[in-house]
Amino acid sequence: MHELSVARAVIATATRHAEGRRVTVVQLRVGHLRQVVPDSLAFAFVHVAVGTLCEGARLEQEVVPARLECAGCGLGWELDEAMFRCPRCGSAGVRITAGDELLLESIEVADEEDACIAPR
Amino acid sequence: MHRTKVRVLEDVLDANATIARANRADFDRAGVRVVNLMSSPGAGKTTLLERTLPDLAGVRVGVLEGDVAGTLDADRIAGIHVPVTQINTEAGFGGECHLDANMVRSAIPALPLDEIDLLVIENVGNLVCPAEFRVGEDVRVMVASVAEGEDKPLKYPLMFRTCELVLVNKIDLLPHVDFDMDRFNYHLDAVHPGVPRLLMSARTGHGVDAWRDWLGEFALERQPA
């Protein structure tokens, strides 16, 4: 569903940082809570990248599990179902410590001289 | 062949967030309070607005309608003599399934911001994607109808977590559907503990007064300086 929009946003961000160079690898951290389906994003990325600096780039996705921390008792745990309440003390004061990121971590770009090589 | 790694460390939706902040600044400057109204398709957003907006005493309201295609909902809002502006998302690849900040930004010139106190943005019916995209709203309200089942908070946690008010609609259907309100509340509290909720039926009008009062108070709340 929104993987198409996310793919566009990934490519726009990568393109901005590429400064005119061809992008060969895009490394993305995808939090479990973001409801992004990695296969769908990979599929959308290939198609949206056509005609951009990211065309042919490899999209590497690292899925980050959701982790919560209780403000009341300090318990930290990994979320495996949608339960945003402390399993130990029942407090609703929980903080997401990981898993809500949608972060473009890095890109790899090809330097000028091989920018015109034939597509592999 | 030489390759260079470039550290980026940037949220890919930063661009949307930046535009959303610009939208909000425009709304604030005009003294307009903004609700982003979201739900699955067919939960009753438009019917609720038809029920609520004509009797919103002392509040000048406008509606921004987001739909994949057509003006059916906008026509209904126009029918109750509320100024309505339409965004169709179909210019995207097969039609975007949500509004994003840029679509709302492009609609701002068409909005009568000087003539309204409250803008309701009726988002595209969808429980997944709209949750990801801030559009410049002050609050997010979602409509969940009992016909959808009591498990929806668990299936769409991001949506239920990011709203400030849940309108539980179509309660006139409760005798006819297998919907356990206690379980719904339990699931809702699991993903968003304590989020305010109002029970209503847009069809019969039962419980709609509380939502109208909420909207009226929200619209006239003083902006934080």
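**Close-up 1. The buried side of helix 8 of chain B.** Val208(B), Trp211(B), Leu215(B) and Ala219(B) are the buried residues of helix 8 of chain B (buried: 20 or more other C-beta atoms within 10 Å of the residue's own; exposed: 12 or fewer; partly exposed: in between; C-beta atoms placed from the backbone). They cover an arc of only 70 degrees around the axis, which puts them on the same side of the helix (arc: that of the directions from the helix axis to the C-beta atoms). The face turned away from the buried side carries exposed Ala210(B), Glu217(B) and Leu220(B). Helices (H or I, at least four residues) and strands (E, at least two) are DSSP runs, numbered from the N terminus.

This is a predicted model: local features need pLDDT of at least 70, side-chain atom pairs count only at pLDDT 80 or more, and totals for chains, interfaces and linings use all residues. Residues are numbered from 1 along each chain as its sequence is written, with chains lettered from A and ligands numbered from 1 in the order in which they are written.

**Close-up 2. What helix 8 of chain B packs against.** Its buried residues pack against strand 2 (33-39), helix 2 (45-52), strand 5 (118-122), strand 7 (165-169) and strand 8 (197-199) of chain B (contact: C-beta atoms, placed from the backbone, within 7 Å).

**Close-up 3. The open sheet of chain B.** Seven strands pair in parallel, in the order 4-3-5-2-6-7-8 (pairing: at least two bridges found by DSSP between two strands). Strand 4 (84-88) and strand 8 are the edge strands, each pairing on one side only. Strands 7 and 8 of chain B run parallel and are joined by three bridges. Val168(B) has Leu199(B), in strand 8, as its bridge partner.

**Close-up 4. The largest nonpolar core.** This core has 64 residues (nonpolar core: buried Ala, Val, Leu, Ile, Met, Phe, Trp, Tyr and Cys residues joined through C-beta atoms within 7 Å). Leu119(B), Val120(B) and Ile121(B) touch the most other members. Not counting residues up to four places away in sequence, Val120(B) touches Val35(B), Leu37(B), Leu49(B), Val61(B) and Val63(B). A second, separate core of 31 residues includes Phe45(A), Val48(A), Leu103(A) and Leu104(A).

**Close-up 5. The contact of chain A with chain B.** Chain A brings 29 residues and chain B 31 residues. Helix 1 (3-18) and strand 6 (102-110) of chain A each supply at least two residues of the side of chain A that touches chain B. Strand 6 of chain A gives the most to that side, with nine residues.

Methods: Contact = placed C-beta atoms within 7 Å.
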